[in-house]
Amino acid sequence: MGVTATRQNKRRDSRFPALGKQSPIFTMDIRQSLSDQFEEYGLEIKAAVLDRCFDICVQYGVDAQELVESWMAFSVSNNLHEVSLDTLAQMERKEFAKRNSKDVPTPKGSSKQNTKTSSVVVYNANKDPVQEDNILSAYCTTPKRSRAEKRSAELHTPEQYGVKKQTTAGRSPRMAFSPASFSPTVGTPSSKYCTRTNAGQTVTEWGSLPPGATWKSEGCIPGLRVSSYAGHGQPTLPAEARYMYERLTTKACVLNDVVDWLGKEICVRHGLEDPDHLKKLHSEPFIGVGHICCDANGRLNPTSVLLEGARGHPSFGISVPLKLTSVSSYAIFPGQVVAVEGTNPTGETLVAQRVLCDAPLPLPSEPLRLSTANGPLHVVVASGPFTQSDTMTYQPLEDLIMYVQEHQPHVVILVGPFIDALHPQVNDGLLAQPFNEIFENIVDTLMRPLASCHTEVVLVPSSRDVHHQPVYPTPPYVIRKAHPRLHLVPDPSFLDVNGILFGITATDVLMHIGREEVCNPPQGHDRLGRLASHLLNQRSMYPLYPPPEDLNVDLEMWDDHTHLPVTPHVMILPSDFRYFLKSVGGSFIVNPERLAKGSAGGTFVRMTIKPVVSEDNSLVNSICAQVVRI
């Protein structure tokens, strides 16, 4: 492109006087700039058209670049392919007729030497001419090399060999994540976050470090390997997975199979007799198996509960109202598979006496591939959003990277969303870059300072990522540039770190179940622990069905990739509920909450895990963890 020549022309004066005779040299510069600008877009214009373009520039006080940009926008909007006198007249009437060249407003504080680069201001944009050429070539036919570009190349003194000149307007070192935008607020740091006084504060903890130990790792662990857990024999969800091709019959079969096999597991665990038909007359207690449903399209309540059996023997898919008044304690939600002990004196209503729903799996039995001689495994966990709701500067993520650089944990697990579809500035269309480009810049800026560390970085996607697939289960991220020690895994995922099994999901399953759960007594003890126990008892990372309307669940993928192979040593369940660290069923449950909460900073979790298991293969007593404010 003739970028150099164009910028030299623009430095003279961004506004042309509307009246008065122009010097021949000045006129030649404007005409040449117009010709070069059109040529950059692959457009050949006639002399008469060039004369009219020059007249418009002089009459309305615009420069060559603004005129050509206005024409390109007008031609795309009106499906025009040729620059002619007639089409120029149409554009003039629509775009410039209301302008008064004598009363062009001058921005406050600017001088006559200031340059108006475009009618649309892009903040924090990369001004590298090479990058601009690449972007332009993607949208236009191959542009010819302009005369101005040739002159510039001949007269320009070459820079040092191998050094690429890059200038980034308005980007400070503390705004490396901030994308280009149409509003200055996108790249403006959050004042509330900058003035916080509780950074680094520990808000809750589990266990305590041994005397003399710190949260800084003692060095790399030889042979440390992070991989997907392969114990269940099911391949991990690939990045190119196809979704939403399921049929209603397939969905029905998936739900029926879960009721069938999980119902049998519950009966075996509690030593129950074989289940019988749900609507068969039973004056004496019997066992009925099915999943919990609601009798209407509303929220579940104690009087709207249905129990729907499997399609095969013995219930043949029949549903029956479930009366819970005689049950002293229960916690149910839609989609939950249960075994009910009760009576059916009329053949129309199942009067429950007990509701059983637990069939947890054992913990992994494989030995840990870690040695106490190398010290404990240091892990850091954080969940998005990673930037505040009033800015896109990603200050919390930058501060987390600084923490990782200083403490060098062995594993960092970052759970999406990274570009939240619910972010106000994303919804308002204020970002001037493609979402994929923004995300790749985030990953590159994240990994660059960690290149000299031994830290393994794990990225878990979210269906709320505006640049990614809006489906659950969510395929792993796809990026063009490879980074060492970077692992892209799906949501949910089961991560094997030298024998320590992590179960991770980015979906707020605790909040989703909590909104639908019905329990007795209403104010039950330890609600958050009970919500987490549903995942272990139902052997699923997402046992709720139907899901909320804003979550797109593919049931075939759900059946293949959300069932627990075993009970994980550590479960990472980010939620909008308050942060917590709990032991549930031998598994250590972690809710780091969010790294950014509204316009303020949030929290993250740091933990150390000693490779010492108890008799039941649990690591709960070997874990020290803290929830820390960023």
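Colleague: Which residues in H13 meet which residues in H14?

Modeller: This is a predicted model, by the way. On the H13 side you'll find Val509, Leu510, Ile513, Gly514 and Arg515, and they meet Arg527, Leu531, Ala532, His534 and Leu535 in H14. Sorted by class, that contact has 6 nonpolar, 2 polar and 2 charged residues.

Colleague: What makes H13 roughly perpendicular to H14?

Modeller: Look at the angle. The axes of helix H13 (residues 509–516) and helix H14 (residues 527–537) cross at roughly 105° and come within 10 Å. Angles of 65 to 115 degrees count as roughly perpendicular, so H13 is roughly perpendicular to H14.

Colleague: Why is H13 called largely enclosed by the rest of the structure?

Modeller: Because 6 of its 8 residues are buried. Those are Val509, Leu510, Met511, His512, Ile513 and Gly514. Their cover includes H14 and strand S17 (580–584).

Colleague: What makes H4 roughly perpendicular to H5?

Modeller: Try the angle again. Helix H4 (residues 64–78) and helix H5 (residues 85–96) pack at about 100°, with their axes 10 Å apart. The range for roughly perpendicular is 65 to 115 degrees, so H4 gets that label against H5. Leu67, Ser70, Trp71, Phe74 and Asn78 are the H4 residues that meet H5. By class, this contact has 5 nonpolar, 4 polar and 2 charged residues.

Colleague: Now the rings. How many aromatic pairs does a search of the whole structure find?

Modeller: The search finds 9 aromatic pairs. Take Phe418 and Phe439: their ring centres are 5.9 Å apart and their planes are at 70°. Centres within 6.5 Å make a pair, and planes over 60 degrees apart count as edge-to-face, so this pair is edge-to-face.

Colleague: Why do you say that this pair ties together parts 21 residues apart in sequence?

Modeller: Because Phe418 lies in the loop between strand S10 (411–415) and helix H11 (424–427), while Phe439 lies in helix H12 (residues 435–447). Both also belong to one aromatic cluster, formed by Phe386, Phe418, Phe439 and Tyr477.

Colleague: How do you know whether Phe418 and Phe439 are buried or exposed?

Modeller: Buried means under 20% relative accessible area. Phe418 has 3% relative accessibility, so Phe418 counts as buried. Phe439 is at 2%, so Phe439 is buried too.

Colleague: What makes you say the charged end of Arg31 sits over the ring of Phe54?

Modeller: That charged end is 4.8 Å from the ring centre, and the distance cut-off is within 6 Å. Arg196 lies over the face of Tyr193, at 3.8 Å from the ring centre.

How values were computed:
Residues numbered from 1 in each chain as written. Predicted model: local features only at pLDDT ≥ 70, side-chain atom pairs only at ≥ 80, totals over all residues. Heavy atoms only, no water. Phe/Tyr/Trp six-rings, centres within 6.5 Å; stacked < 30°, edge-to-face > 60°. Helix = DSSP H or I, 4+ residues; strand = E, 2+ residues; numbered from the N terminus. Buried < 20%, exposed > 50% of the residue type's maximum accessible area, 1.4 Å probe, protein only. Lys NZ or Arg CZ within 6 Å of the ring centre and 35° of its normal. Axes fitted to C-alpha atoms, helices over the stretch in contact; angles between N-to-C directions. Parallel < 35°, antiparallel > 145°, perpendicular 65-115°, else oblique. Contact = heavy atoms within 4.5 Å. Nonpolar A, V, L, I, M, F, W, Y, C, P; charged D, E, K, R; others polar.
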